[in-house]
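Hi everyone, thanks for having me. Today I'd like to chat about salt bridges, so let's get the structure up on the screen.

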Amino acid sequence: MNMKKLIALPFFFLILTLSAQSQNIDLLAKLPDSIYSGKQGKMHVQGVAVDKANGYVYFSFTDKLIKMDLSGKLIGSVIGFVGHLGDLDLNENDGKIYGSLEYKNDAIGKGIRKELGVKSNNENGFYIAIFDGSRIIRPNMNAEKEDLLRTVSVREAVKDYEANVRVGNETKPHRFACSGIDGVAFAPAIGSPNSSKKYLYVAYGVYGDTDRDDNDHQVILQYDVANWSKYAQNLLQDKLHQSGPEKPLEKYFVKTGSTRYGIQNLAYDAHTGNLFAAVYRGAKTQFPNYDLFVIDAHKKPGKDQITSDNQKIKVKTLSLLQAGPKDDKSGIRGWNFEWGATGLCPLGNGLFYISHNKKYKDGQQESTVYKYKWVGDTQNSFKRVK
């Protein structure tokens with residue numbers, strides 16, 4: 001090849017990179033400072049995902065998914081869920097929306113079914129729901145009857161949820177205090193310099209009982225979804241399937257101290273290269289009980305031992321980012337931040353949409369996502385962009 005052409009190639013790629021960055025900044029500038037969901041019934045918002053390329057925002061409201069344009073106009077919705085539709089994320093490889101979906105007979109499951117007037121059953125099923133957003137074209141599309149949704153079973157979580165373990169002298173339900181799944185995010189392999197390939201990370205819900213000591217870690221499963229078409233099934237809520245990978249690629253543990261129901265929203269921020277985890281704060285007095293944690297995704301997973309079923313077991317662990325307030329007694333770092341557990345969506349360049357949920361006296365619930373900038377210092381996690 002001509003030497004002049006060789007010299008020109010790096011410059012050409014630099015121009016392409018700068019052009020892509022400029023386009024992304026322009027796109028971010030066009031995103032509104034806030035988007036209002038409207039009142040959506042008596043179930044609260046669980047998660048938010050933004051499709052920047054096509055100009056849509058998705059909200060999960062426990063028993064339904066709604067699709068809006070960025071001006072807040074309703075495009076369509078998916079209804080008919082009698083389980084718990086939780087956190088959402090967009091898979092940029094296939095353009096589909098992935099969300100956690102739970103069916104269980106605990107207090108949460110019974111509460112949802114009671115509110116919906118649906119008879120409880122004893123089946124447990126934890127799924128990743130995969131929505132084809134392009135097929136959500138009108139309000140009140142049925143989750144079971146219309147061809148817009150497939151589900152894949154998270155079998156590892158089902159096994160841990162249904163297990164009984166010894167804690168001290170008592171037998172307790174649920175290994176690792178697993179209450180199901182909630183937070184979901186696509187992110188590169190943790191600790192790897194290769195940021196091109198993304199994996200699906202699925203966080204357990206974790207019961208916050210103060211009388212057990214095996215629930216002080218968050219549990220995060222890693223999956224490669226490239227071959228998930230062989231597992232994907234239609235949703236049949238009266239006959240729950242178990243079609244899914246036998247095991248995850250990896251199973252990670254992150255010590256945060258106790259929470260109420262684990263990581264509610266898990267989000268990968270490409271700007272910092274870290275995973276953000278928003279929780280409902282726990283109640284154990286020996287921990288700082290932060291609302292927000294950041295997992296250092298640049299640091300390779302470590303190895304440690306934790307207690308489960310009155311035994312020490314070897315596990316792979318992830319590290320919290322060494323930033324923000326630090327609890328000297330436990331060594332745990334995090335932030336006190338009121339919002340995020342009902343919607344935390346990175347936009348790029350350090351910006352996020354964060355859900356502010358609201359409940360009215362008549363029981364109606366809504367969400368407004370506001371634009372925030374990540375700060376991450378010792379006083380502040382996020383600052384509102386106005």
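Let's start with R138, which makes a salt bridge with E146; their closest N and O atoms sit 2.7 Å apart. Keep in mind that this is a predicted model. The cut-off for buried is under 20%.

Why would such side chains pair up at all? Well, side chains of opposite charge can pair when their charged atoms come close.

Next up, D147 and R135. Their side chains meet in a salt bridge too, at 2.7 Å from N to O. D147 sits in the loop between strand 9 and strand 10, while R135 is in the loop between strand 8 and strand 9, so this pair ties together parts that are 12 residues apart in sequence. D147 is partly exposed at 43%, and R135 is partly exposed at 40%.

Now find K197. It forms a salt bridge with D224, and here the closest N and O atoms are 3.2 Å apart. K197 lies in the loop between strand 13 and strand 14, and D224 in the loop between strand 15 and strand 16, so the pair ties together parts that are 27 residues apart in sequence. Both partners are partly exposed: K197 at 33% and D224 at 25%.

How many salt bridges are there? The count comes to 18. And some residues go beyond simple pairs: R155, E156, K159, D160, R175, E246 and K251 are linked in a network of salt bridges.

How values were computed: Residues numbered from 1 in each chain as written. Predicted model: local features only at pLDDT ≥ 70, side-chain atom pairs only at ≥ 80, totals over all residues. Heavy atoms only, no water. Salt bridge = Lys/Arg side-chain N within 4 Å of Asp/Glu carboxyl O. Helix = DSSP H or I, 4+ residues; strand = E, 2+ residues; numbered from the N terminus. Buried < 20%, exposed > 50% of the residue type's maximum accessible area, 1.4 Å probe, protein only.
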